[in-house]
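Subject: Structure handover and notes

Hello,

Here is the structure for your records. My notes come after it.

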Amino acid sequence: MTTDTNKQAAPPSSMRLVLTLAIAGLISGIAIIGIYESTLPTITANKARELREAVFKVLPGVTRMQALVNRNGELVAVEAPDKDEPVIYGGYDETREFVGYAMPAAGPGFQDTIAILYGYKPDEKLVVGMEVLESRETPGLGDKIYKDAVWVAGFNALSVEPEIVAVKKGTKRSPNEIDAITGATISSKAVVRIINEAHTAWSSNLPPPGSEPTIQETETANTEAGQ
Amino acid sequence: MKKNESYEEFIKGVWRDNPVFAQVLGMCPMLAVTNSAINAVAMGMATFFVLVGSSFLVSSFRNWIPKQVRISCFIIIIATFVTIADYTLLALVPKVHKELGAFIPLIVANCLILGRQEAFASRYPTRLAVMDAIGMAVGFLIALLSLGAVREILGDGALFGVKLFSVNFEPWVIMILPPGGFLTLGVILLFFNWFKFKKDEFLDDVAEAERRGS
Amino acid sequence: MKKRDPDLLLAHAPLLRQGMTTPSVMRDVLIALAPATAASMWFFGLSAILVLGACIGGAVAAEWLFADKQARGDSLRDASGILTGLLLGLTLPPGLPLWMAFLGGFVGIALGKVIWGGLGHNLFNPALLGRAFLLATFPIAMTTWVPAVGDGGFLQIYPGNLALPFMQAQVDAMSAATPLGLMKFEQEVTPLANLMFGKTTGSLGETSGLLLLLGGVYLWLRRDLDWRIPVSILLTVVVFSAVLGLFDAERFPTPLFSVFSGGLLLGAIYMATDPVTSPVTPKGTWIFGIGTGVLVMLIRVFGGLPEGVMYAILLMNAATPLIDRYTQPRVFGRGGDTK
């Protein structure tokens, strides 16, 4: 093998330059399409599974779910919600009875946007679970909003009437109060505020308890129902 | 002879010309994703894949690529490998991909990779180019891992997610935050240079003694 | 700490007249801090001695470890390391684990002084740098305040102090909030007399306002202190909070509360005046002081933290070279308005 050749001693024609780049781009494009096509099913499946696990976590007893959106003032079930359309998820148990809603909500935290999902039972007006989907809160302090088991468990039965209030640790008195995390007051209050705001925004759009949309049978709802 | 040559290209990237400790390249991923050992390894592996793949292709086609458009060609090749790495990580280990976030696509902008194509792969035969790329990538991985390990041990009391101390361990929060990256890197560079300084001093002493002796 | 002849402007050391040397200035500052240090021992008992000792130990250890072999004695003799350790210790909570206090002193000297090239070359105040490191590293321990013992329980040691190295302090059942924390999060005002005499929660040295002022007066009489810096900081804080009080007297702290609460006096008199990290020209010191005062109030009133003295001074430290450059006195016979 030679280390260097003088093939390019004379300046190549611009045709050659364009051609080289075009071929390189073409091959690159084919490679990228190939990898995209072959990984897409796994990626979508991963995302769907993550969402389903989160919904099942914040709504205990739920084994089926469907996406619900607000169209013309009415809550309807959809297969795939439009992009940027606010969506909530209805959770149903084994007997296809409605259990509650899983509501995604987001808002500013201490550092960056916190995205959460919380379970809500409209008949009891109770928050029954909370899961942080995304946050960049300070490690060791703000990240306790998803690492502190006591705090997360505090959302297992929390009244939204009149609204949720974060109080100093150990001073929870009434059903709508939750003990804030020591040393992470700002992040704790942010989570509570996010839920309160989402609740206010959605409460007028939810149908009266008892008349929630029934579940449309879809195969995805059943396949992993056992888990 | 030939074997030695390859070995030489490999070992220089690991130690003498280590991309981080000696050349101070690739600082952006170095500081951003080393808050845990597992993130450091994921980033190191992704960089390894991109660097070795690109070096192989660039070196194989070095006689066909006109030098007027070589940088564009290098970038196309690198970007393709980065995209492949990005989707593969997203499909296989979504959790790690989420942690690394924007820093996977940013491998394209890692000056270490483009630098090796321009300085080495485009001038040397494929075998040496690949050995050089492996050496550099391993050196980069070692640097990432040493930073990530120090930061995870101090910042979380764990290594690869395994708790090393009792539950009462007080984590050094700063180590997981960006300033911890700067501090740790600075201290490691300090030791690397101190070691080099001491070694040179020692070699000088030896040379001096030999000169006197002869 | 800063020596300047009012009739003669010199932009640079050495100002070695009247036998004023680094060790003698350092000694004066140590004397000035003695009352406040004694008060911290009165209020927080044996814990105060332990924490201060650990800080000084860490600082001196770093000085000794990183000094040239020949210069080891010199850097220890000028007492600047001891002073850094003491100042750092006075800003720490009394219940802090001792290993953290030691680490803070070590890091303050290593990253705050040695790495820049030693005394006189550092950009930031080493004691505050050590504190900033501790606050970022151990945010919970650094914001766990214990109430003063007060009634002479001198032998009491807070259990937090005795945590093993690298281990957490046990959660202290009797933790309390500082006056600034009470003000910010609970809208509760601490009586002024408590703030002045130190019978309140806070760091070791910040609680007794009057004793800190006393030390400041001593330094001013000894001409070791550039009076412009503390005066401009305190005046700015007073004016700022008075103006805020006009808008909403209920919500914002009163000027006196602002001055006597938190670490303002300690910072303004002993830390902002560090001759190495503050501007040298009179105009520059005014800018420095006003900037610090404004930052303190902005952080306290509008920021996420209850206290902002440390960050305010560190930020103004960073601006010091710039201030110095733009406030250079005109060289006689050069420049000017004529064109």
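This is a predicted model: local features need pLDDT of at least 70, side-chain atom pairs count only at pLDDT 80 or more; totals for chains, interfaces and linings use all residues.

Residues are numbered from 1 along each chain as its sequence is written, while chains are lettered from A and ligands numbered from 1 in the order in which they are written.

Chains B and C

Chain B contains nine helices and two strands; helices (H or I, at least four residues) and strands (E, at least two) are DSSP runs, numbered from the N terminus. In sequence order the pattern of chain B is α-α-α-α-α-α-α-β-β-α-α. The C-alpha trace of chain B extends over about 60 × 60 × 25 Å along its principal axes. Chain B has 214 residues, of which 44% count as buried. A residue is buried if 20 or more other C-beta atoms lie within 10 Å of its own, exposed if 12 or fewer, and partly exposed in between, with C-beta atoms placed from the backbone. Two residues are in contact if their C-beta atoms, placed from the backbone, lie within 7 Å. Among the contacts in chain B with a separation of 6 or more, 75% are between residues 24 or more positions apart.

Chain C has 15 helices and zero strands. Its 339 residues are 50% buried. Of the contacts in chain C between residues at least 6 apart in sequence, 76% join residues at least 24 apart.

Helix α7 of chain B

Helix α7 of chain B covers residues 126-156, and its 31 residues should span 45 Å at 1.5 Å a residue; the end C-alpha atoms are 43 Å apart, so the two agree. The expected span is 1.5 Å times one less than the number of residues. Of the 31 residues in α7(B), 23 are buried. Just after this helix, B:Gly157 has a positive phi of about 65°.

B:Leu128 sits in helix α7 of chain B. B:Leu128 counts as buried because it has 22 C-beta neighbours inside 10 Å. Leaving out residues up to four places away in sequence, B:Leu128 touches B:Glu5, B:Ser6 and B:Glu9. The C-alpha atom of B:Leu128 is 9.1 Å from that of B:Tyr7, 121 residues away along the chain.

Contact between chains A and B

How many residues does each chain give to the contact? Chain B gives 25 residues and chain A gives 26 residues. On the side of chain B that touches chain A, α4 (70-92) and α8 (173-176) each supply at least two residues. The most comes from α4(B), with 10 residues. This side of chain B has 16 nonpolar, seven polar and two charged residues. Here Ala, Val, Leu, Ile, Met, Phe, Trp, Tyr, Cys and Pro count as nonpolar, Asp, Glu, Lys and Arg as charged, and the others, Gly among them, as polar.

Nonpolar cores

A nonpolar core is a set of buried Ala, Val, Leu, Ile, Met, Phe, Trp, Tyr and Cys residues joined through C-beta atoms within 7 Å. The largest has 139 residues, and those with the most contacts inside it are B:Val50, C:Val51, C:Ala101, C:Leu128 and C:Ile313. Helix α7(B) contributes its largest share, 15 residues. Another core, of 46 residues, lies apart from it and includes A:Val55, A:Val58, A:Trp151 and A:Ile195.

Regards
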